[in-house]
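Please keep the sequence and the structure in view while reading.

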Amino acid sequence: QPSTPALAHHGITITAMKHLHTKTYGERDDTPLEHAVDEHWDEGKDLLKHLPKKEGHGDTFFPELKDAIFCGHLVTDLDSIAGAIGAANLYGGVPARASEINTETEFALEHWGLPLPPPVEDLLKEKPDRSVCLVDFQQQSQLNKAIPMGNIVGVIDHHALQSNTIVTEKPIFVDIRPWGCMSSIIAHNYATMGVFLPKNIAGLLLSAILSDTLNLRSPTTTAWDERIVSMLVQYVGVEDVNELAAKQFRAKSHALSLMTPYALVNGDMKQFKFSNDAAGKTYTVAYSVVETTDAAASLARTHEILPELRAVRANAPADAPIDAVFLAVVDIVNLDSTLLVCGRIEGSLAVAAYGGALEDDGSVLQLPGLVSRKKDFVPALTKAVREGWTPPVDVVSDHEKKDLKRSRSMADVAQGDVVVDYSEEPSGKLVRRDSVNYTAADGAKAGQGA
């Protein structure tokens, strides 16, 4: 496809945009992603002018971040890896990962030709007192235990500050913005600071923004995310941004079909605390999200997922009990979600927060139009608890009555230790070792309990 003279010096070919007067898919309307890129094209172009065209141009002066480790949260996702790599290059540090990556992140790293950052534990073993800048989070529950709180010198994030935020003895570098993706913040900083941005890192930041904002269709998306995507599309020279988004989401969805129930439940789980100040009560909720282009395939495994959800609550430490556990299957094609409800406490809270009626014997609640944990799911829970929701009086939770092994809402809990089984894949799968059916031969195939 031909490109415009104005962009020819960047070697850019953009399709399905009115700027180029071309259509690659016949006379269809632009997708929301294409429309957003097109709408903010000139703004992205203005930002692009601030990016140096040669390596070595531009500099940053943040001595507190120099040589720091840049690390994201546990249950590592694409934004936390892209942000760590981008920030480390920008501020003169080293990227690290807090845990293993998912297949979407693996695809993006391979697609853009970037190496996987090392585990943060390895870097801190080499130099235990090395400074650490957190990216894409600031909650203690999402912090890798290898990172001492005293080592933290910075936070770059886009999430709300809640009750479990990190605590530091000294002032630190903080860059928190209400944007849809932390990688948008990093890309913006390259432009405003006039620092050279390698194109493979720019591409990875682009992929992360598409992932975190569901192709700019999530309610968390801001105009700044759209501007940054438009800038990066032009800078990297992406020929079809829709195809890029589809490929990485397909990579993510493909992995879901191969994941064990344990991995599905724990793969993208975050814990939140919700307070009712009037009653003096605080509740902890674990919330998992499965984003997929094939929601039906994930929902067909509801009978496998529900016991694992109950196991999260049943196996929570006595000093850190969990009051409710949810998993939302997010249909990124139709922009709807289905909430899996594993007990009566969860059912009561879900209806109080989201409305509607429970289906399938109380195990499912439809969430039409809701797709974002940050903007849709969590705020509704915050409001419900603040306005007086309490667990049903006839349901006693495990941590409130020590001698009760399992409450009425905790029937059918997944049993057995979690192990790494290498019988099917060289990389291993997290599975539950059934105390009855697990044999000595199976033990030879499995690693240590997770």
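## A loop residue and its neighbour in space

Pro63 lies in the loop between helix 3 (41–48) and strand 1 (69–71), where helices are DSSP runs of H or I with at least four residues and strands are runs of E with at least two, numbered from the N terminus. At 51% relative accessibility, Pro63 counts as exposed; here buried means under 20% relative accessible area, exposed over 50%, and partly exposed in between, with a 1.4 Å probe and protein chains only. Pro63 and Tyr91 are 28 residues apart in sequence, and their C-alpha atoms are 8.7 Å apart in space.

The model is predicted, so local features need pLDDT of at least 70 and side-chain atom pairs count only at pLDDT 80 or more, whereas totals for chains, interfaces and linings use all residues. Residues are numbered from 1 along each chain as its sequence is written, and side-chain values use heavy atoms, with hydrogens and water left out.

## The aromatic cluster

A search of the whole structure finds 9 aromatic pairs, for which rings of Phe, Tyr and Trp (its six-membered ring) must have centres within 6.5 Å, with planes under 30 degrees apart called stacked, over 60 edge-to-face and the rest tilted. Phe70 and Tyr91 form a stacked pair, at 6.1 Å centre to centre and 15 degrees between the planes. This pair links distant parts of the chain, with Phe70 in strand 1 and Tyr91 in helix 4, 21 residues apart.

Tyr91 also forms an edge-to-face pair with Phe173, at 5.8 Å centre to centre and 65 degrees between the planes. Because Tyr91 lies in helix 4 and Phe173 in strand 5, this pair ties together parts that are 82 residues apart in sequence. Tyr91 is buried at 2% relative accessibility, and Phe173 is buried with a relative accessible area of 12%. Phe62, Phe70, Tyr91 and Phe173 form one aromatic cluster.

## The parallel sheet and the helices across it

An open sheet is formed by 5 strands in the order 2-1-3-4-5, with parallel pairing; two strands pair if DSSP finds at least two bridges between them. Strand 2 (94–96) and strand 5 (173–176) are the edge strands, each pairing on one side only. Neighbouring strands of this sheet are turned by 20 degrees against each other on average, direction ignored. Strand 4 (residues 152–157) and strand 5 run parallel and are joined by 4 bridges, and the bridge partner of Asp157 in strand 5 is Ile176.

Helix 4 (residues 78–91) lies across strands 1 to 5, running at about 170 degrees to strand 2, while helix 7 (residues 182–193) lies across strand 3, strand 4 and strand 5, at about 105 degrees to strand 4. Axes are lines fitted to C-alpha atoms, for helices over the stretch in contact (heavy atoms within 4.5 Å), and angles run from 0 to 180 degrees between N-to-C directions.

## Strand 9 and its partners

Strand 9 (residues 336–341) has 5 of its 6 residues buried, so it is largely enclosed by the rest of the structure. Strand 9 pairs in the antiparallel sense with strand 8 (residues 324–331) over 6 bridges, and with strand 10 (residues 364–367) over 4 bridges. Asp331 stands opposite Asp336, and Leu340 stands opposite Val364.

## The whole protein

The secondary structure comes to 16 helices and 12 strands, and buried residues make up 54% of the 450 residues.
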